[in-house]
Amino acid sequence: MNDMSQLPDAGPDQTVGEIIKLAVLAVGGQGGGVLGNWIEATARAQGWACQATSVAGVAQRTGSTIYYIEMAPKTGGDPVFSLMPTAGDLDIVIGAELMEAGRAIMRGFVTPDRTTLIASSHRVLSIAEKMVPGDGVVSPEEVRAAAEIATHQLFITDLDQVATENGSVISASLFGALAGSGALPFPRDAFEAAIRTGGRGVEPSLQAFSAAYDLASDGANEPAAAPANQAPDNRPVPVAPRGPADLRAAWNALSRRVDAFPEPVKEMARAGLKKTVDFQSADYGGQYLNRLDGILARDSAENDWSLSREAAKYIANAMAYDDVIRVADLKTRGSRAARVTAEVKPAGGTVLHVTEFMHPRAEEIVGLLPAKTGARWQANFSRMKTLDRLFNRGRRVRTDSVLGFMVLFLLGGLRGWRLKTLRHAQEVAHLETWLERVADTVGRDYALAVEIVRCRRLIKGYSDTHARGNSKYDRVMNALPLLAGRNDAADWIRRLREAALQDEKGEALDGALQTIASFADETDPT
Amino acid sequence: MAERSFKKEVEHLRKGTGDVFTGEGILAITKALLENGVGYVGGYQGAPISHLMDVLSDAQELLEELDVRFEANASEAAAAAMLAASVHYPIRGAVTFKGAVGVNVASDALANLSSSGVTGGALVIVGEDYGEGSSIMQERTHPFAMKSQFWLLDPRPNLPSIVKAVGDGFELSEATNTPVMMMVRIRACHVTGSFETCDNQKPALSVRQALSDPQKDFQRVVLPPWSFVHEQDKVNNRWPAAETYILDNQLNEFFGPGDSEVGIVCQGGMYNGVIRALQRLGLADMYGNSQVPVYVLNVTYPIVETEFLRFCEGKSSVLIVEEGQPELIEQSVSAMAYRNGLTVKIHGKDVFPKAGELQGHIMLDAVTAFFRKAAPQMLPGQGRAPNTPKPDIPDLSKTVPVRPPSFCTGCPERPIFAGIKLAQAELGEHQIAGDIGCHLFASLPPFEVGGATMGYGLGPASNAAFDAGGEKRAISILGDGGFWHNGLSSSIGNMVYNKSDSVAVIVDNYYSAATGGQDVLSSRAANPTKQTNNPITDAVKGIGVNWVRQIDRTYDVAKVRDVMKEALTTDYDGPKVIVMSSECMLNRQRREKPIRNQAIRDGARTEVPRFGVDEDVCTGDHACMRLSGCPSLSVNQLDDPLRDDPVASIDQTCVGCGNCGEVADAAILCPSFYRADVVHNPGGFESWLARHRAGVIGWFQKRRSAKRLEFTT
C-alpha cells in the first residue's frame, strides 16, 4: 500500500493561478459575441495573452449561449488555455439575463471561493413561462438567493434598463459593469478604448458603459423587489376621481361604505369599487358593495375575513366583464391615446396611426340585444349563421381616423344600454349561481367557500378562450358533489384550479379530476 | 448576402510573410488554404463552418486574383464530388462542411474519391458539430475515415497548429494519393488566436489551365476490376506511405518527460482539455509543460502502430483520451498492444463516460481517476483524498427554465405554424414530418408541429409511407434550403412519381437561414456571382406537381390556415405543394434598417410599425403566446391587486411583423392588440389631417370624460 503521507503535496502550479477565466452566459441575440470581442480586445491591448471561444450556432436563435475567455499576463511562451469553462474553475461569470445567471450557478460555474458574478436582473421569459394560461413566471428570488450564497463577489442590477436608458444595448452595460467591478486588472480607459476601436454605435455604447461602470464601482446592488401583494401599505392611496359634482358625491358615499369595512377587506374592496364604477356607473358600484355586504354578513374576524377579501376581488372582476362596450370604451379614452404615445414615443413631427384588431362574432352582436330578444336570436341557429355571415370577420379599425374612432366611441357610449343586454343577463345569472354556491358552502366549510370564490379566476379571455375558461370552471364546480363532506375538499378544489391553469386544454385538470373520481368510487359503496 | 459580413476580415487574408494574423480559427483555415496554393475551394454551409463559406464568399475578388475557383456547392455531396478535380490533375482542392451530417450526405462521393485516389492534394475540412451548442444527432465523423480509408487529422485547437495541419494535410494527401479530412470541433472553429502568416501562393496549375489539357485514366474509375485493385492499393501502398509520411514529418507530437510509468494518448483536439486537467492537478504549468508524457494524435486515422508501441515502452499504464463513441482509437490501440504481447494497461472509457463531450469537469475527474488507478503517487494531496466539502449552493435545476432555440422576433415562419395549428384546431391533429432548418423549431412548444426529422430535404420523403393517404392527409415541412439541397428530387420527385396524396409545405424565407442567411437558388436578392431568383413553384411544376399554391405574405395567418385547409380537404388526390414565402426577418432587418434610417434622415416619408397590447383589455389568458412565442411578446405582472395573472406586453424590440394582430384576428383571440405606425416626415396635408383628426377626436373624448367619474391612479 502506498503511504500517502510521505508524498509531496503539489497542488496546482503557481503560474496556472495567473490565468483569469471568464464566461458569459446569454440568450442568443443579446450580443454576447460583441461583449466577448470587447473583453478580448481589452486584454490584448493591455499586452495580455487571451483566447476566446464560443459555441455560436443554432443557439444564436434565442437559445442559451455561452462565450468563454481565458487570459494571462504575457511573461514568456504561449499559455495553454482551455476552450471551455469548467465547474468550480471560473473567476468571472457574466449573466446577461437573470435565469442565465441562474444557469451558471446551476452548472457550478459560480463558486464562493473566487467567482465574481455580474448579472443583469432583468428577465427574458422562456416560452414555457409565457404559454401557461396562469402565471408561469418562475420566481427570481430563488436565483437571487442562490447568487448571494454562491458568489465571492456579486453585482446584480437591471443592466438591460441601464442600456435602454442610454440608447444602447445590454452588451455595453455589461461591459461597463465588468470594468466597474474591478474584477479585471485593467484601467477604465482600456475598456473604453476597446469600444472605440470596435467602431459601431460608439457614443451610446460609451454612455451605457459609463452608467453601468458607476453603478458597479459603487457596488450598489439593487434591492430585491418586494414580493407582490405583500406590502399593501406601500401602494399609492387612490386619488378621488374627477367628474361632475353629483357623481363625486356619490363616489364619496360609496367610499365611506368601504371605510367601514374590516381592515383586511378594505384595499381589495376599494380597488373593486373603482373597477366597477369605471366599468359602468356609481350605481353599479353600489350594487357591487351590496353583493359584498352579503358576503361580509356571513364572514367574521375569526377567519381574518379572507372570504370577503377574495370575494371583493372576484366579484369585481365578474361584474366588470369584458364585453364589446367595455373594449370600445377603453380603446377610445383620452388616457389610452396618451398611453400608446408614451409606449411608442413617436419623435416630434411624426404622425401616429393606430390600428385595432377586432373580430366580432354573432355572439357579440346578439350579446348587445335586449336580453329576451337576444336569447331568442341565440337559440335560432340559422339566424346566428346569418349574423356570422354579416359580421364575423376581422375588422381593422383605425382609431386615429374620425370614422374608425366614432364607430368604437359610439359602441363605448352604450353603457347606459348595457344593463338591458343579453350579455349582462348571462353574466348576472352566472354570478348569482356562483355566489349562491358560496353562500351555501360557507356555513359548512369556510375554506371550501374561499376556494370556490377563487375559482372565478378560471374565467377570462374572449371568444373560444373564454368558452374554454368557462368549461374549466364548470368542470371544477362539477367536482364539488364528489368532494361533499370531505375534510380536504378545499384543498382538492385548490389543486383542481391550479391544474386548470397549467395548460390550455385542461389536460392536467382532467388528470386531477380522474384522481378524484377514482377515490370517490372507492369510498362510495354503491 | 450572409448574416455576417466578413469584408473587413477578408483584408487580413492578404497578409504576407512576416505578418501576424489575429482572429478566429475558421479564418485562419481560409488563410492557410491560400498560403498552400489551393486551386479550388467549395463546400456547404452549416455550423460550425458556415463562416468559412461566408469568408470565401466575401473573398471572391482575392480568390480571382489568385486564380482560385470558389463554388458554393448545392450540397455536401456536390462539394465532395468537386474533389474529383484532384483525381487526375495535380491541383490542390479543399471543401468544407459539417460533420457528422454533412459527411453523411457527402459519403457517396467521399467513398468513390477514396477508391479512385487523388493526384493533387484533396482536403475536406469538417466542422465536427458535437457537444454543447450542437444542433444535430451526436455521432462521430471518425468511422467514415475508417470505412473509406482516407486520413483524418485532428489538430491541437490553436491557430498555429490548425494552420500547420492544413499544409500537412495537402502534403500527406499528395504523398499517399489519398484524400485527407481535417476535423475541427465547434469551439476550435471559433477559437481566437494568432499565427505568423506567409505569402499566398497561386496554384501551380489552375483549374482553368487544366481544362486546356484534359487528363483521364480508366484505371482510376471505380469499376471492376480496378475497384478491387483500389482496395488492395489502399492497404498495401497508401496506408504504409501514410505511416511513413506521418513518422518522417512528425505530424504527431510528444510532450512531457521521456520516461514515466504512465502516459496519456489524446486526440489533438483534446490536448487543451488534457493540459487543463493536468494544470489543475499540479502536473503541468501554464505553458503546458507536463510532468506526464502526452502523445498527441494530430492524425487520428491511421494510428501509426510503431509510434504507439514506442510510446508504450516502459509504461505500465496509458490513458486514451477520445471524445465520443464508439471508442475507435482505444479499440484499435488495444488490438495493437495485444497483438504485440504488450502488458501495458490501456485505460479509456473505463474512467471516461462512454458518451458525450469531454467537458472540463469530466476531463478532470477522469484523469484523476486514471492516476488514482495507475499512479496515485503522482497525484497531489487533494487529488488523492478530495475531502474539501462542496459549498452548499441551492439547487436551481427546478427553477431555471430550459431555453431551447426558437424563432427570432418577427420571424415569417411563426405565422405559418400558427396557421397550421389553427387548421389543425378545426380539422384535427395530422401526421406531420419536419425537416432540417429553422422551421424545425416548430416541433417545440408553443407550436408542437411536426414530430421527427430524417435529414436535410427529406421531410416529405419521410412521410412516404403515408403517401396513399387516409382519413386525414399527412403533412410535411421542407425549407427552401432543404428543397434545393436534396428536397426537389428526393422529396418532391418522390411524391410526384408515387402519386402521393399528401401535403408538402415549403417554407421559403429567401435564404438558407438557419446556417447564417446564405443565398440559395430561389433567393430574391441579385447576387453578382450566382444565379438567384429561380422560383420554387416553377421547379415543382416543372417536375410534375399539378396542385401548387403560392403564399407571398406568410403573415396572413388566415390565408395560411385556409390554404392548409384547402390542401387537406380537396378532392385532388395527387401531391399538393404549398410554397409559403416571406423574407427571413433577421436578414430583412439587416438589409432594410440602414436604408430606412437613411430615408428618415433624408426626409422621405417612412412608416415604422410596431405592436402594442392594451393591458386593461388583456385578460392574461396567454392564448396569444401559444400561437406566437415571439421574443418581443412577453408577459408583465401589473400592479393591480385584482389581477392574478400577468398580462401580455410587447417590448421595444418589436419589428411590427404583424403576427400578433393577424393571430388575434384569425384565431379570434381578443381585441387587446393594436398596431402603431409612426409616420416619419409626413406630407403637409397628412400632418394637417392628423392635427384635425386629433382635434375632433379630442373634443369627443373630453366631452365624455367630463360627464363621468375618471380615475387617475
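Reader: How does A:Ser463 count, with 18 C-beta neighbours inside 10 Å?

Author: The general idea is a neighbour count on C-beta atoms placed from the backbone: a residue is buried if 20 or more others lie within 10 Å of its own, exposed if 12 or fewer, and partly exposed in between. A:Ser463 has 18 such neighbours, so this serine counts as partly exposed. The model is a predicted one, in which local features need pLDDT of at least 70 and side-chain atom pairs count only at pLDDT 80 or more, whereas totals for chains, interfaces and linings use all residues. Residues are numbered from 1 along each chain as its sequence is written, while chains are lettered from A and ligands numbered from 1 in the order in which they are written.

Reader: What is the phi of A:Ser463, and in which helix does A:Ser463 lie?

Author: Its phi is near 40 degrees, a positive value in a residue other than glycine. A:Ser463 belongs to helix α22 of chain A, residues 463–478; helices (H or I, at least four residues) and strands (E, at least two) are DSSP runs, numbered from the N terminus.

Reader: Where is B:Glu448 placed, and what is its phi?

Author: B:Glu448 sits in the loop between β15 and β16 of chain B, with phi near 50 degrees, again positive in a residue other than glycine. It has 15 other C-beta atoms within 10 Å and is therefore partly exposed. The loop between β15 (432–433) and β16 (475–479) also holds B:Pro446, which a cis peptide bond joins to B:Pro445, with omega about 5 degrees.

Reader: Which residue does a cis peptide bond join to B:Pro326?

Author: That partner is B:Gln325, and omega is about 0 degrees. B:Pro326 is in the loop between β13 (317–321) and α15 (328–339) of chain B.

Reader: How many residues does each chain bring to the contact?

Author: Residues are in contact if their C-beta atoms, placed from the backbone, lie within 7 Å. Chain A brings 131 residues and chain B brings 109. On the chain B side, helix α24 (residues 684–706) gives the most, with ten residues.

Reader: In which sense do strand β7 of chain A and strand β23 of chain B pair?

Author: Two strands pair if DSSP finds at least two bridges between them. Here β7 (residues 351–358) of chain A and β23 (residues 673–680) of chain B pair in the antiparallel sense over six bridges. In this pairing, A:Val351 stands opposite B:Val679.

Key
Contact = placed C-beta atoms within 7 Å.
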